[in-house]
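Biologist: Could you walk me through this one? I have not looked at it before.
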Amino acid sequence: MKDLIIIGAGPAGISAAYEAKKLGLKYLVIEKALIGNTIYNYPVGLTVFSTTDELEFIKNDLQPAREKPTREELLSYYVKFVLDNELKVQWEEEVLKVDKLGENHFRTITPKGEYESKNVLFAIGAMDYPRKLDVKGEDLLKVHDHFRETYPWVKKKALIVGGGNSAGEAALFLADEGAETTLAIFRKDWEETDPKQGCIKYWVRDPLVEQLKKRCLNLFFLGKVLEIREKDVVLEDENGKRQVLENDVVFVLVGSDADLTMLTNLGVETEFGKYGEVPVYDEETFETNVSGVYVAGHFTNTRHIKGAIEVPQKIIPKMAEKSADVGSVKAKA
Ligand SMILES: Cc1cc2nc3c(=O)[nH]c(=O)nc-3n(C[C@H](O)[C@H](O)[C@H](O)COP(=O)(O)OP(=O)(O)OC[C@H]3O[C@@H](n4cnc5c(N)ncnc54)[C@H](O)[C@@H]3O)c2cc1C
């Protein structure tokens with residue numbers, strides 16, 4: 001019987017594992033893909049927007065060559081952190097189900113085994129369901145829901161649909177490296193400059209404006225995407241006018257959502273907020289309405305890596321304390 005099963009080895013899961021280890025808890029992290037899988041899926045060579053103090057588990061531990069780390073430096077830091085600290089992480093093992101067997105007693109089921117624990121922390125991120133446009137042709141092979149690298153698209157006609165930083169970065173990479181790039185974006189997203197609104201960050205937007213001036217990038221103020229076809233795309237502009245653009249590849253980068261099924265099957269309540277559907281949890285402990293079930297990271301209201309790391313640092317000691325109290329009550333009974 002473990003004290004804690006942690007589902008997901010992103011920044012939140014790794015941070016939780018490190019705290020659990022420091023406290024001497026019996027814990028295990030189970031990760032369906034790779035350590036830091038969301039970062040692994042960032043575009044190759046991307047410089048992240050956060051500063052090192054927002055990304056590291058221990059102060060001054062992350063030492064990139066420049067002010068901000070690249071995808072590769074960040075991923076290497078997370079992988080080495082797991083290995084150097086001998087954190088108990090099993091990757092390439094997907095959690096399929098968590099059953100509640102009794103009060104603070106859970107069984108976590110994967111294709112490789114079953115694990116019993118007193119507590120379960122969901123640190124599953126929000127990358128499971130990339131949002132779709134729901135238009136005809138979206139299932140064509142040339143349509144991608146995530147952007148990896150530019151080189152297959154040099155001199156190709158690329159369309160990026162989206163208004164956030166990921167769409168902006170993809171457009172910049174593609175325009176920079178010689179793809180004939182069109183960014184289809186709602187005008188309000190292009191004109192939004194408040195970083196809290198999830199808009200394109202200024203250090204991506206400014207070079208995009210440069211690319212526009214150099215005519216290496218086209219901006220299309222979108223009404224809606226009507227259809228994607230083998231050789232072109234049919235768009236409606238902001239004035240309702242239908243336009244057909246020649247096209248070789250489409251990137252639909254309009255965000256993604258978490259899979260909350262395992263949580264709701266356990267009886268965890270959810271609510272709709274700024275980020276869509278999120279689990280309901282105690283603001284201090286991040287424990288849900290199901291005792292012993294905790295949440296942390298990018299599918300809660302605390303988004304981004306800073307929050308994903310800080311929340312487990314705060315809640316794991318509280319969880320350990322509560323578990324010890326429950327244990328002593330059970331022992332006395
Ligand atoms: C291109 C891009 C650039 C970004 N840049 C930044 C940045 O500069 N700064 C910043 O703060 N944020 C950035 N973000 C957001 C950042 O990646 C997330 O905030 C961060 O990864 C959240 O960490 P997490 O641990 O909560 O979730 P994740 O990192 O998403 O980790 C969740 C893990 O859970 C695993 N998992 C899910 N379901 C299961 C299951 N059933 N069984 C087992 N494992 C499971 C997943 O495989 C994944 O590895 C960026 C995002 C993108 C897409």
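Biologist: What does the backbone of I305 do at the ligand?
Modeller: A backbone N or O atom of I305 sits 2.8 Å from an oxygen atom of the ligand, which falls under polar contacts, meaning pairs of N or O atoms within 3.5 Å. This is a predicted model, where local features need pLDDT of at least 70, side-chain atom pairs count only at pLDDT 80 or more, and totals for chains, interfaces and linings use all residues. Residues are numbered from 1 along each chain as its sequence is written, and side-chain values use heavy atoms, leaving out hydrogens and water.
Biologist: And how far is the side chain of H298 from the ligand?
Modeller: An N or O atom in the H298 side chain lies 2.6 Å from an oxygen atom of the ligand, while a polar side-chain atom of S50 is 2.6 Å from a ligand nitrogen atom.
Biologist: How is the shell around the ligand divided?
Modeller: Its residues comprise 15 nonpolar (Ala, Val, Leu, Ile, Met, Phe, Trp, Tyr, Cys and Pro), 10 polar and 4 charged (Asp, Glu, Lys and Arg), with the others, Gly among them, counted as polar.
Biologist: Switching topic, which side chain does K97 meet in a salt bridge?
Modeller: K97 pairs with D99 at 2.9 Å, N to O, a salt bridge being a side-chain nitrogen of Lys or Arg within 4 Å of a carboxyl oxygen of Asp or Glu.
Biologist: Is D99 buried or exposed?
Modeller: D99 has a relative accessible area of 15%, so it counts as buried (under 20%, with exposed over 50% and partly exposed in between, using a 1.4 Å probe and protein chains only), whereas K97, at 43%, is partly exposed.

Conventions
A polar contact is a pair of N or O atoms within 3.5 Å; within protein, one must be able to donate a hydrogen and the other to accept it, and residues adjacent in sequence count only if both atoms are side-chain atoms.
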